[in-house]
Amino acid sequence: MTLKESALVAPDTAPLPQPAEEPHRATAWPVARTTAAEAGAAARAGRLGQGARGPLDVPLDVPLGAALGRVLAGPLLALTDLPSFDTSAMDGWAVAGAGPWTVREEGAVLAGHAPDAVLADGEAVRIATGARVPAGTTAVIRTEHSRTEHSRTEPSRTERGDGAPGPLLYALREVRARQDIRPRGQECRAGDQLLPAGSAVTPAVLGLAAAAGYDALPVLARPRVEILVLGDELLTAGLPHEGLIRDALGPMLGPWLEALGAEVLATRRIGDDAEELYAAVTGSTADLLITTGGTAAGPVDHLHRVLDAAGATLLVDGVKVRPGHPMLLARLSGEDPRHLVGLPGNPLAAVSGLLTLAEPLLAALTGGAREPHRAPGVPVQDEVQGHPHDTRLVPVVRRADGAVPLHYNGPAMLRGIAAADGLAVVPPGGARPGQALEILGLPWPTAAGDVPAEGVCFT
Ligand SMILES: Nc1nc2c(c(=O)[nH]1)N[C@H]1C(S)=C(S)[C@@H](COP(=O)(O)OP(=O)(O)OC[C@H]3O[C@@H](n4cnc5c(N)ncnc54)[C@H](O)[C@@H]3O)O[C@H]1N2
Ligand code: MOO
């Protein structure tokens, strides 16, 4: 069915129906976040409650090289003892019993080799860090704590096969039993839990998993997201000209959503064409559709009418937050629980919508595996002007003595957020210097640098 054929649009009516006339019922900012989280939790429960395990609950085995940033579907259990054999912790000598020791003439025991030699009491053999210690070894002596000497005083102990006296090894320090030997299983035994389910796969986790014997890791499926970038005025390359501007959201949203744990199926550009938007919304199978632009009341802002025609239910229709107040959240019709977050077209307003609605929804869809990044109670260094009735989200940089609000925080500007490491949640009425504010973190590390200019910019 096309948009025009849908029951909500009269056939042969050229202009699309206008939005309802009733006053805008914007949701308070904290309530909007809770609603988004509840929608994600309900979608997850609905999926999992259908008897068959839903796709988000089925662990996937992903090769180590592709697992970075994913979330472990189950506990990481060691597949082997670590170390898996008694290992020399130092370059030096494996010795048996009390010294001085007769040096065995066969070559050094190297890492990666399995020594056949069994050390008899009073014998020593050269050994490398990481090598498996020969059976009979009672200690390892570091090279720098040892001395070898050709002695004729003890021919019976040092005589080699050719009758020539062999070297004797002396320790320069007291030798403790088992010193510098990493015993098998020191770090873990096979079957030990190394990390709990739900842990994020970091570079260190990849290293641990490899050491513990894994080639692939069982990870959670990611919520599948499709991004629809609306607007005839958008260029994908080159400089702005003749009223056309660069699409700033297409390049930004995919990586941002991936950093929040989503699998981005596609970023599609759609003109200001309600039919095309309707087909994209009703034809998508993504768990979450993100649209940009078209949320307000302009002549080509079709999103509300398209959602209405598609039988969607608006859960949030406008939020008392600046920037970004026209953002919306809808539950799409159909058997599978799917949602749409409508981000406003102004770029910082879109970021506001992403953190207000998409982040909590995605966090809940993954069963809390990725909680939104938040820091409560960070003092703000300067006064921050507030909106009289709405919450403000203001880009800040964190410094040892508090959060510094950044200039270039207007709804159409990305200059502030690109230099920021969080967004301060400024209550209606504003904040005094030193007042503790919640900071919404960004899902990447930030570089320290000069604090860009501060200031206020509402429009
Ligand atoms: N009469 C009213 N007009 C507007 C209202 C309102 O309440 N009443 N709200 C304003 C606010 S606040 C916002 S935010 C925007 C929201 O607009 P839309 O979501 O409908 O978005 P567009 O009109 O399509 O675009 C707005 C603005 O953003 C630019 N844009 C859009 N997409 C991109 C992109 N991918 N990359 C860069 N820039 C983009 C677009 O060119 C416009 O300049 O509405 C206000 N108006
Ligand atoms: O919400 Mo809009 O972002 O203020 O311009």
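Predicted model: local features only at pLDDT ≥ 70, side-chain atom pairs only at ≥ 80, totals over all residues.
Residues are numbered from 1 along each chain as its sequence is written, and chains are lettered from A and ligands numbered from 1 in the order in which they are written.

The protein chain is divided into four parts: domain 1 (27-52 + 222-365), domain 2 (60-81 + 193-219), domain 3 (87-182) and domain 4 (374-441). These bounds come from an automatic or database domain assignment. Between the C-alpha centres of domain 1 and domain 4 there are 24 Å. The two domains touch: 14 residues of domain 1 are in contact with 15 residues of domain 4. Contact requires C-beta atoms, placed from the backbone, within 7 Å. On the domain 1 side, β20 (319-322) and α7 (347-365) each supply at least two residues. Helix α7 gives the most, with six residues. This side has nine nonpolar, three polar and two charged residues. Here Ala, Val, Leu, Ile, Met, Phe, Trp, Tyr, Cys and Pro count as nonpolar, Asp, Glu, Lys and Arg as charged, and the others, Gly among them, as polar.

Six strands form an open sheet in the order β8-β5-β7-β6-β10-β9, with mixed pairing. Strands (E, at least two residues) and helices (H or I, at least four) are DSSP runs, numbered from the N terminus. Pairing requires at least two DSSP bridges between two strands. The twist averages 35° from one strand to the next, with axes fitted to C-alpha atoms and angles run from 0 to 180 degrees between N-to-C directions. Within the sheet, β6 (101-103) and β7 (123-127) run parallel and are joined by two bridges. Thr 102 has Glu 123 of β7 as its bridge partner.

Elsewhere, β2 (60-63) and β13 run antiparallel, joined by four bridges. Pro 63 is bridged to Ala 216 in β13. In a regular strand the side chains alternate between the two faces of the sheet. Strand β13 (216-219) has Leu 217 and Val 219 on a covered face, with Ala 216 and Pro 218 on an uncovered one.

Ligand 1 is surrounded by 25 residues, counted where the C-beta atom, placed from the backbone, lies within 6 Å. The closest are Gly 293, Thr 295, Ala 296, Pro 344 and Gly 345. The shell has 13 nonpolar, nine polar and three charged residues.

Notes:
Buried ≥ 20, exposed ≤ 12 C-beta atoms within 10 Å, placed from the backbone.
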